[in-house]
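Hi,

Here is the structure I said I would pass on.

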Amino acid sequence: MYNLYLATLIFLLHVCSYGQTTPPSQTASPAPVDLNERVRMLEENLRFSDQGLAKSIDDLLWYQKLGDIAIIDKVRYASKPPHVIKNPTGQGANNPVVIPAYTFVSRKFASAKKLPLLIFVHDGVHGDFSTLYAHVVRELVDQGYLILAPEYRGSVGYGGTFYNQIDYGDYENDDVLAGKRWAVENMPQVDADRVGIIGWSHGGMISLMNIFDHPEDYKVAYAGVPVTDIIARLGYKPASYRTIFSAATHIGKDPSDNVAEYRRRSPVWNAQKLKTPLLIHTNTNDEDVNVLEVESLINALKAHEKKFEYKIYQDAPGGHSFNRLDTKLARDSREEIYKFLARYLTPPAAK
């Protein structure tokens, strides 16, 4: 069906480009048509349309999966302007990027005056906060946490412009911080003195950079299988992965052209800033974030004599997703996380 649809669109483009006629007096040489470029644009538009449809469906699923225990809303707030502005003098060129975010409020504790807030950062360079996290959100809401889950720039489901705003390891951090500050100002139940941040993978990286750069904003943090060293990461990833980062929509330069910028964005090179209670989990058979990255962060934190907690799981089933699964080991690992968070955030129904 997809191939038929694409073929039809290509045919219509062909007809529109060549099938039009003009009076002899107005005949002009037709503008050159790059059919390959048109096909590429069609495929890209279809991809973003599919992502938008999937996002709309998944948004509905949140209510089905968690509507019994949570009051769910989707809000929008302003963050920084785009990191790359093609026409700086254009109308609205420096307007802030608008960030969507999910909020979850426990029905059981809806009458409570103040509750702890968790900023839940999704994974994936181009990911989103999908209902794959529903079981984790349920476990947290049951304990009485308020949750804000920001769809930072580059998240999927919001069209090509938003997707291409990605600024790997920089402005996404600010998007998440802006969400935290929005929640403190606009969610009346939030206890501003009990705010934590959690995330896995890329979300773990963002969580780490938030507490390193803004320790006053967070009481506690959890980073699961976090990306910690972009330079080391590019060293063990294929060339196609490395090429992405030199594009303007990412960092914009290869590490050899600006290694200092890659260091600035990597948690391992910011370990000396840690002031916030932190728990780190990693797994030796992680197929995405190699354990060497997380071990480097652990060693850096120790070298700077920082107090933190960590656990290196040995070949835990599930690899990169080992403690986000529906298994006993995953549930036990999440219990470790919840007990750690509860020490500092004291939710009303801590496990």
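Ile119 is in contact (heavy atoms within 4.5 Å) with Leu148, Pro150, Val176, Lys180, Val195, Gly196, Ile197, Ile198 and Tyr218, leaving aside its neighbours within four places in sequence. Together with Leu278, Ile119 touches the most other members of the largest nonpolar core, which has 53 residues. By nonpolar core I mean a set of buried Ala, Val, Leu, Ile, Met, Phe, Trp, Tyr and Cys residues joined through side-chain atoms within 4.5 Å; buried is under 20% relative accessible area, exposed over 50%, partly exposed in between (1.4 Å probe, protein chains only). Helix 6 (residues 202-213) gives this core its largest share, six residues. Another core lies apart from it, with 34 residues, including Phe129, Ile198, Val225 and Phe340.

Before you go further: this is a predicted model, where local features need pLDDT of at least 70 and side-chain atom pairs count only at pLDDT 80 or more, while totals for chains, interfaces and linings use all residues. Residues are numbered from 1 along each chain as its sequence is written, and side-chain values use heavy atoms, with hydrogens and water left out. The protein chain averages a pLDDT (the predictor's confidence in each residue, from 0 to 100) of 90, and 90% of the residues score at least 70. Over residues 1-27 the pLDDT is below 50, and that stretch has 18 contacts in the model beyond near neighbours in sequence. Where pLDDT is low, the predicted coordinates should not be read in detail.

Now the sheet. Eight strands make an open sheet with mixed pairing, in the order 1-2-4-3-5-6-7-8. (Strands are DSSP runs of E, at least two residues, and helices are runs of H or I, at least four, numbered from the N terminus; two strands pair if DSSP finds at least two bridges between them.) Strand 1 (70-78) and strand 8 (309-313) each have a single partner strand, so one side of each is left without a neighbour in the sheet.

Seven of the ten residues of helix 3 are buried, among them Val137 and Leu140. Just after helix 3, Gly144 has a positive phi of about 105°.

Cheers
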